[in-house]
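Okay, thanks for coming, everyone.

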Amino acid sequence: MNAPPPVEIRGLRLHNLQDLSLSVPLQSLVAIAGVCGAGKSSLAFDTLFVEGRRRYVEALSTATRQYLDALDRPDVDFMGELPPTVAVRQRFPEVSWRPTVGSVAEVLPVFRSLFAREAELFCPRCQVPLPVTSPHEIATRLRERPGTTRVMIAVPTRPAVSLQALVPSDSDATTSPTPAEWQRQGFSRIIVGEQTRPLAEWSGEDDPAAPPPLIVIDRLTPGQDLARWRESLELAYRVGEGQCLTLSQASDDLPGPRQTIDGQSWLREFWSLHRICETCRAVHPPADPTLFCFNQPRGACPGCRGTGRQAQRRGRGSRSSPPPSTNEESICPECAGQRLRPGSLAWRWGGRSFTDWLSDPIDHFLAHWRERDSQIAQWDAPRQGLASLLVTRLQRLSRLGLGYLPLERPLRTLSAGEAQRVRLAAALTIELVHLLYVLEEPCDGVAASQRPAIIDELRRCRDAGHSVVLIEHDPSLLLGCDHVIELGPGGGADGGRLIYAGTPAGLADVASSPTGAALRTHQSGQSALRPRTGRPPLGWLTLTGLNCETVRNAEIRLPLGGLTVVTGLSGSGKTSLLRGLADRMTTSPAAATVLVDAGSPAQSPAPAPVEVAFIPATPLARTPRVTAAAFLQIAAGIRQLFAQSLEAQGLNLGPGHFSLHAGAPGLCDECQGLGTVLIDLQFLPNLQAGCGACHGRRFRPEVLSVKYRGLSIAEVLALPVREALAFFRGQVRIQRRLKTLLDVGLENLVLGAPAQRLSPGEMVRLRLAEFLSRPHPSGGALVLLDEPTRGLHPVDLARLVRGFDLATAGGHTVVVATHHTDLIQAADWQIDMGPGAGLQGGQIVGMGVPAAAVAGG
Ligand SMILES: [Zn+2]
Ligand SMILES: [Zn+2]
Ligand SMILES: [Zn+2]
């Protein structure tokens with residue numbers, strides 16, 4: 001296949017990209033590299049993805065074209081042909097319990113519609129099958145059943161369930177017909193108790209406590225023709241409100257209830273057109289896909305509205321609350337976490353309910369599916385098509401190394417790497433030729449051994465004619481790409497320039513490239529980080545009986561005032577162990593299971609940490625109103641400085657006028673301080689466009705006219721940390737807090753940067769800086785980080801480790817879940833989880849100083 005010409009980009013100016021010109025090859029695997037803030041995301045997502053989507057929308061619909069002029073277009077002199085684009089990024093962790101592996105990967109809609117067609121209902125109370133049986137099916141079954149000699153078709157004088165009574169009507173429909181009315185319909189015999197009598201002799205007496213008398217509709221033998229059988233059964237259904245009985249003189253070995261009539265034993269069978277249970281008299285609706293949908297009132301458990309969880313209890317006032325845990329007590333007692341109504345759970349296919357299918361790991365699901373191959377082979381073409389779609393999607397999840405996950409697992413309980421691969425699987429289901437996929441570190445959070453499978457999947461995608469652009473740092477993965485584009489050399493104002501474009505092999509020869517330097521280090525087999533100095537720990541913390549999710553009864557020991565790494569395959573229970581640790585330390589720090597002993601015989605035991613700080617690598621907020629300055633708690637101080645100026649006092653402006661909070665009085669009227677406006681495209685996701693009134697400055701003109709040391713509030717919020725530190729000379733509190741940002745290498749971060757726009761690497765360091773800048777109780781804190789190496793260039797990793805060094809030097813105990821080999825080697829202590837993933841994980845397979853734990857585990 002001849003690849004189409006590359007996408008030419010000339011004169012691109014966006015955020016910090018400085019008049020960038022480059023070409024992006026199509027139908028290849030292209031990596032964009034560079035340190036934090038170099039402009040990778042501006043090129044990959046804000047240019048390639050946004051422009052590709054804009055052109056696709058333009059081609060799709062003329063009705064939406066009128067809105068497109070207002071769209072935030074990248075400022076570019078020329079940009080060549082682009083295929084439609086799909087972006088996969090995972091910046092916000094799920095907060096809802098609703099999205100599951102199966103729903104996000106687009107497996108559930110397919111399985112639901114097949115299950116609704118194929119499943120059989122069992123009475124939820126009596127556990128008997130409740131098939132819908134047509135007269136033809138009953139007739140065929142009874143005539144062909146060996147050992148049957150005579151059959152009576154009957155209907156009870158009172159139906160098991162009066163369907164007319166379920167529907168309100170004017171006539172008194174609940175009264176049964178009188179003997180005369182039955183006779184008028186042409187019937188002549190009735191079974192009362194154990195005897196058959198002529199209908200004419202029956203007075204209409206009926207003991208409500210006993211089973212109702214039976215009107216005999218017809219008496220048949222198997223030899224009589226099928227048409228007669230069907231006619232009689234149709235008549236029985238008509239007079240019996242869709243319910244009837246057959247009484248068969250049949251061989252004794254047939255299972256089922258028997259009834260004695262005129263001294264002989266008859267097999268008694270109840271049939272219905274409406275899934276009626278004769279015993280408990282419940283009527284069940286027919287199955288349709290909504291019955292198996294957690295998000296629909298028809299299907300969802302009323303106790304938890306389909307989340308499977310009870311309302312969350314509030315955390316215990318700790319500043320950084322630990323991540324959500326899935327302790328047993330939070331599971332909905334009504335459905336036992338199955339999320340569906342009892343009526344939905346009563347449907348089974350292959351003996352398994354809908355949630356039985358979903359609770360199996362994907363690989364087991366596929367095995368059960370194959371057991372039904374012969375049944376599936378009988379399906380019609382549309383259903384076979386759905387079945388093969390389902391299997392393709394499940395196999396892709398399995399190839400992406402997720403075969404151990406059950407489809408029902410909520411996305412919010414997955415690690416970042418697992419969640420992103422589920423989203424990747426979903427993106428790969430789009431059936432369009434020649435797409436451009438824009439991905440953010442698809443192997444993030446994935447252990448080295450699992451990475452080749454993911455790269456293989458991306459190659460398969462490229463070989464199918466798609467183009468793949470990924471933001472990537474990992475030297476081993478860069479070497480597997482077709483083309484590398486490096487931006488840099490630094491972040492912010494120091495970035496945004498093209499450092500390199502070409503084959504990965506050539507990058508190592510570029511002396512000025514930070515990524516090239518990392519490649520050279522990688523190829524020489526060295527670590528990018530210097531080993532720690534081997535400071536003795538302040539003491540040892542021992543915790544026993546740790547339980548959380550897959551982790552059961554674990555015992556761990558870790559050095560106080562040290563850096564501990566938790567390692568293992570993706571899904572081996574690293575995150576669960578951190579949660580268990582956070583739960584234990586917040587709920588029972590004084591319990592006997594938390595032991596502290598001295599680091600050396602000469603020392604006295606250090607106090608146990610009383611504070612738990614969980615530092616997630618997730619966004620600070622979902623709103624652009626939260627800025628880096630606000631998160632660092634210097635925004636209020638800055639507002640105060642502006643409000644104190646003579647200009648502000650002359651204009652009657654207070655501190656509130658310089659605030660970005662929703663509804664604050666100084667905000668731009670047009671965009672309410674967001675700097676952008678949303679455009680509703682009706683059939684497509686909303687798009688953002690720059691605000692025409694304030695041009696992104698976010699405040700009203702009179703607020704912007706107020707100057708502090710010559711700069712407006714918008715200009716101050718545009719200062720990078722390095723310049724802000726000098727600008728706020730004399731403001732000790734603001735300067736002290738800014739200094740911690742410098743310490744963790746965030747000197748290029750802009751004060752007013754919306755929290756949403758920060759890269760994961762910047763967010764985790766901003767959180768760490770905020771932690772370091774506030775006071776802590778003696779004994780220090782237990783600082784927990786879940787995969788903070790996401791999105792980190794080796795240069796930025798070294799800066800993050802500098803932040804860890806500051807924390808441990810301050811007496812804090814740092815525990816980091818990671819797969820990053822360099823970080824593991826730089827740690828004081830390692831806890832290795834395994835042996836496998838999912839149910840095969842959750843155990844501690846090694847503990848010790850890193851090299852020893854790796855060798856032993
Ligand atoms: Zn029942
Ligand atoms: Zn429930
Ligand atoms: Zn505005």
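Predicted model: local features only at pLDDT ≥ 70, side-chain atom pairs only at ≥ 80, totals over all residues.

Residues are numbered from 1 along each chain as its sequence is written, chains are lettered from A and ligands numbered from 1 in the order written, and side-chain values use heavy atoms, leaving out hydrogens and water.

So, the overall picture: 30 helices and 30 strands, taken as DSSP runs, with helices being H or I of at least four residues and strands E of at least two, numbered from the N terminus. Of the 857 residues, 53% are buried, meaning under 20% relative accessible area with a 1.4 Å probe, protein chains only.

Now the zinc ion, ligand 3. Which residues hold it? Cys668, Cys671, Cys691 and Cys694 coordinate the zinc through their SG atoms, at 2.2 to 2.3 Å; donors here are N, O and S atoms within 2.8 Å of the metal, or 3.2 Å for Na, K and Ca. The angles run from 104 to 114 degrees, which makes the site tetrahedral, a label that needs four donors with all angles between 85 and 135 degrees. The spacing reads C-x2-C-x19-C-x2-C. Cysteine 671 sits in the loop between helix 22 and strand 25, and cysteine 694 in the loop between strand 26 and helix 23, so the pair ties together parts 23 residues apart in sequence. Both cysteine 671 and cysteine 694 are buried.

Last, helix 5, residues 135-143: its buried residues are Pro135, Ile138, Ala139 and Leu142.

How values were computed. Tetrahedral: all angles 85-135°; square planar, octahedral: opposite > 155°, others 65-115°. Buried < 20%, exposed > 50% of the residue type's maximum accessible area, 1.4 Å probe, protein only.
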